[in-house]
Amino acid sequence: MSRAGFRHAPPRAVAMIEALRGLGYSTATALADIIDNSIAAGATTVDLTFVWNGPGSSVRIEDDGHGMSAAELDSAMRLGDRNPLDQRSENDLGRFGLGLKTASFSQCRRLTVATTGKDGLQCLRWDLDVLAASTDDGWHLLEGPDDSAAALVADFGTRKKGTLVLWEVLDRIVSDGFREQDFLDLIDRVERHLSMVFHRYLEGARPLLRLRIAGKSIAPWDPFLSGHPAKPWHSPPASAPGMPGVEVECHVLPHKDRLSAKEFESAQGPDGWTAQQGFYVYRNQRLLVAGSWLGLGQGRGWTKDEAHRLARIRLDIPNSADAAWKIDIRKSTARPPVEIRAWLAKLADDTRARARRAFAMRGQAPRTRNGEVVSQVWQSHHFSGGMRYRIDTTHPAVRAVLDDAKGLAPQVLAMLRIIEETVPVQRIWIDTAEQRETPRTGFAGEPAAAVMDVLKIMYRNMVQLKGMSPSQARSRLLLTEPFQNHPELVAALPDDPTEQEQKQ
Ligand SMILES: Nc1ncnc2c1ncn2[C@@H]1O[C@H](COP(=O)(O)OP(=O)(O)OP(=O)(O)O)[C@@H](O)[C@H]1O
Ligand SMILES: [Mg+2]
């Protein structure tokens, strides 16, 4: 064969598209990719509609963006019609010229796009079943909607401008055994994902975007609990040296004890506290990565663990450096270029240390809402060989026993030393990591009566033996671990400590 010769070697349409279906989108990430296009087209409202009809179910996305001309729609429907190396406008969320097709085919076999722009209503469609049945392996882009969608498309055509993306034959969603309830659960997952990915578009008094499912607006989910009074720390924004448009802001979220149960639940995010720590990478305000340490850290890189779950770092990147950040077609990964890694690692290391301290707050002298220090049983001591845990003998419960112990005092102290030397640190560490939850302490989940039993003994001791007035004793108990978390029980203590004994 001559060296100058070449063969024309186009891919087989049906094989190519079938292969692209496996890029790894979820329904939620695929929809985010379609919404990216709407945002890039200047849309201010995007409506998602999920229609359940068993195997005839469909999903559609309608926007009020600028729409496309006939030629633009033709180009939009083709795979690989835009060069990923082209420069994009600052607000464009696209890069590869593929998302509309790859995201759609990952979920459905029939993709219909209708648009109204300067050429009036235009509509084109891909149908994988038609391609599979064709004998020439060609790229048959069909004109107009299928009969099933004719009315819908005609109705859309009455709008002045906008684009409709319709997914039918949802073979990757409505598989055998998939029921209506599964569809509803899927919609919930989609909503949670979109409220996270586009939260910066959805926030504020005048949001940039209105994103609705079945007419109901999706509320933003802010990973950083911006403005929450219990947040221990956040950094001012910092610009990356030598990298225009790259900005970082580090956050440490409040400890569980400082959040209401509802806040704690909602702040964790779709994948939970441990999974959602780390960097949040935004490209043009759109979230690409929702919590990752980006391969930073010594050796094999930091892993996500319980102790660092309060650390979240906003990282903004522009769309002009996509190749350097290794953005993928699904817009779900980004890797920092080598020249910025050390800078990011330093900021992350500092944030992780702060988050670790906030997480371990229970061992670090918590304060009441008024800022008074709560007296704690356990103290952590740092020394040159590491750290160790010690029981504070000035804690009222311990002190009371030691004061009364007389001849038993040496034995009591020996017992405390043994407890100190055998704190099951490893065990707690492993259990915490495995359960992804901190073991319960501070009477959490215990019935009030169980707390009261212990509380009454402390109270009686303070009033009868230490000579405190009932109100002094109550104030003291409010600053004593673990009763500071049970103010309602402390308030319920009667003035006369013996009276409660008789009542029992
Ligand atoms: N809703 C829409 N409104 C107007 N134009 C659109 C819309 N959706 C797609 N387009 C046009 O179709 C083109 C192709 O979209 P597609 O999502 O396949 O690729 P992309 O957005 O350019 O890049 P990426 O693969 O990174 O998403 C877009 O560049 C845009 O010009
Ligand atoms: Mg796109």
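This is a predicted model: local features need pLDDT of at least 70, side-chain atom pairs count only at pLDDT 80 or more; totals for chains, interfaces and linings use all residues.
Local features need pLDDT of at least 70 and side-chain atom pairs count only at pLDDT 80 or more, while totals for chains, interfaces and linings use all residues. Residues are numbered from 1 along each chain as its sequence is written, chains are lettered from A and ligands numbered from 1 in the order in which they are written, and side-chain values use heavy atoms, with hydrogens and water left out.

To start with the overall layout, the chain splits into domain 1 (13-217), domain 2 (233-360) and domain 3 (378-503), with bounds from an automatic or database domain assignment. The centres of domain 2 and domain 3, taken over C-alpha atoms, are 38 Å apart.

Now for the ligand. Around ligand 1 there are 20 residues, each with a heavy atom within 4 Å of it. Arg 82, Arg 95, Leu 98, Gly 99 and Lys 331 come nearest. Polar contacts here are pairs of N or O atoms within 3.5 Å. Arg 82 puts a polar side-chain atom 2.7 Å from an oxygen atom of ligand 1. Arg 95 uses a backbone N or O atom instead, 2.5 Å from a ligand oxygen, and a polar backbone atom of Gly 99 sits 2.7 Å from an oxygen of ligand 1. On its own, ligand 1 has 590 Å² of accessible area, and the protein covers 90% of that (Shrake-Rupley method, 1.4 Å probe). Helix H2 (27-40) and helix H4 (99-105) are the elements that give two or more residues to the shell; helices are DSSP runs (H or I) of at least four residues, strands (E) of at least two, numbered from the N terminus.

Glu 481 and Pro 482 are joined by a cis peptide bond, with omega about 0°, and Pro 482 lies in the loop between helix H15 (470-478) and helix H16 (487-491). Leu 225, though not a glycine, has a positive phi near 45°; Leu 225 is in the loop between strand S8 (216-217) and strand S9 (233-234).

Conventions: A polar contact is a pair of N or O atoms within 3.5 Å; within protein, one must be able to donate a hydrogen and the other to accept it, and residues adjacent in sequence count only if both atoms are side-chain atoms.
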